[in-house]
Amino acid sequence: MSALRILGTVNPASLSSRRNTSQPINTPRPRLKFSVAKTFLGLNGARSSTVTRLPTHQLRTAESCMAESDSSVVNPAYAEIIVVRHGETEWNVDGRIQGHLDVELNDAGRQQAAAVADRLSREPNISVVYSSDLKRALDTAQIIATSCCGLEVIKEPDLRERHLGDLQGLVLREAAKISSKAYKAFLNHKTDQELPGGGESLDQLYERCTSSLERIGRKHKGERVVVVTHGGVIRTLYKKACPNGRSGGKVLNTSVNIFLLSDGEWTIKLWGDTSHLNQTEFLESGFGGDRTSG
């Protein structure tokens with residue numbers, strides 16, 4: 001079992017979004033400005049305990065967290081992996097299940113990718129960018145890599161979103177009528193439940209994406225790297241780092257999450273930060289990034 005230390009977190013409740021399921025998918029949707037609270041422990045005079053409760057000795061002080069975050073040198077004992085969800089797609093907006101289907105970024109998604117790229121361009125000593133080979137992630141990664149002095153982008157198919165079988169391409173709220181068997185399997189809480197049409201179980205997703213991040217961590221110990229992937233994958237990585245914790249909440253498009261990996265120990269340094277989008281309009285209620293991710 002992985003050891004756990006959380007250095008910074010966002011209240012999962014603050015990331016929750018509500019979508020009006022009665023709204024027709026073709027209705028123009030509002031663009032909302034959405035500010036996320038500061039994510040380091042101890043800022044604003046309080047330590048968040050909304051993800052999990054840990055003994056005091058396992059939590060670092062706010063000062064040490066901030067000092068580490070400002071350091072240009074990564075501790076040689078671990079790999080610092082900056083995990084980013086891809087930018088928004090029109091299928092995110094429509095509530096349509098993507099899975100392994102290759103959907104492009106929309107205009108808002110490209111703006112989000114440019115915003116997170118600008119932010120990461122100021123992170124020192126990024127070595128390389130890894131990405132899911134699906135276009136929505138790969139295009140986000142390429143925008144980031146270009147901003148970071150033209151870094152190489154390495155495609156990693158094991159960072160793909162969960163394969164959701166017969167549900168792929170369907171609007172979630174219509175899926176129960178169109179593919180009732182797959183929808184029932186999707187809602188099943190058994191982690192070994194596969195989905196009709198070649199869909200993965202949660203166990204298969206867990207093994208695939210955590211093994212991928214472990215490989216990246218071993219290869220880049222002492223380095224800072226970027227990984228661009230999908231909401232379902234990032235939620236699964238959170239479960240690896242926090243096996244006994246509460247849900248990390250919704251993973252918003254281009255949110256920044258930092259994992260430290262060292263010899264089987266996973267540490268979350270930063271979770272769910274979208275402060276780079278404070279000046280960018282985007283859809284707070286965008287689909288995916290939670291249990292419906294896909």
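T254 lies in the loop between helix 8 (231-241) and strand 6 (256-262), where helices (H or I, at least four residues) and strands (E, at least two) are DSSP runs numbered from the N terminus. This is a predicted model, in which local features need pLDDT of at least 70, side-chain atom pairs count only at pLDDT 80 or more, and totals for chains, interfaces and linings use all residues. Residues are numbered from 1 along each chain as its sequence is written, and side-chain values use heavy atoms, with hydrogens and water left out.

- T254 is not a glycine, yet its phi is positive, at about 60°.
- With a relative accessible area of 0%, T254 is buried (buried means under 20% relative accessible area, exposed over 50%, partly exposed in between, with a 1.4 Å probe and protein chains only).
- N125, also a residue other than glycine, has a positive phi near 60°.
- N125 sits in the loop between helix 3 and strand 3.
- N125 counts as exposed because its relative accessibility is 51%.

**Helix 4**
- Helix 4 covers residues 135-147, and its 13 residues should span 18 Å at 1.5 Å a residue (the expected span is 1.5 Å times one less than the number of residues).
- The end C-alpha atoms of helix 4 are 18 Å apart, which agrees with that span.
- The buried residues in helix 4 are R136, A137, L138, T140, A141, I144 and A145.
- An α-helix has 3.6 residues a turn, so residues three or four places apart point the same way.
- The cover over the buried residues of helix 4 includes helix 3 (107-120), strand 3 (126-131), strand 4 (153-155) and strand 5 (224-229).

Technical notes: Contact = heavy atoms within 4.5 Å.
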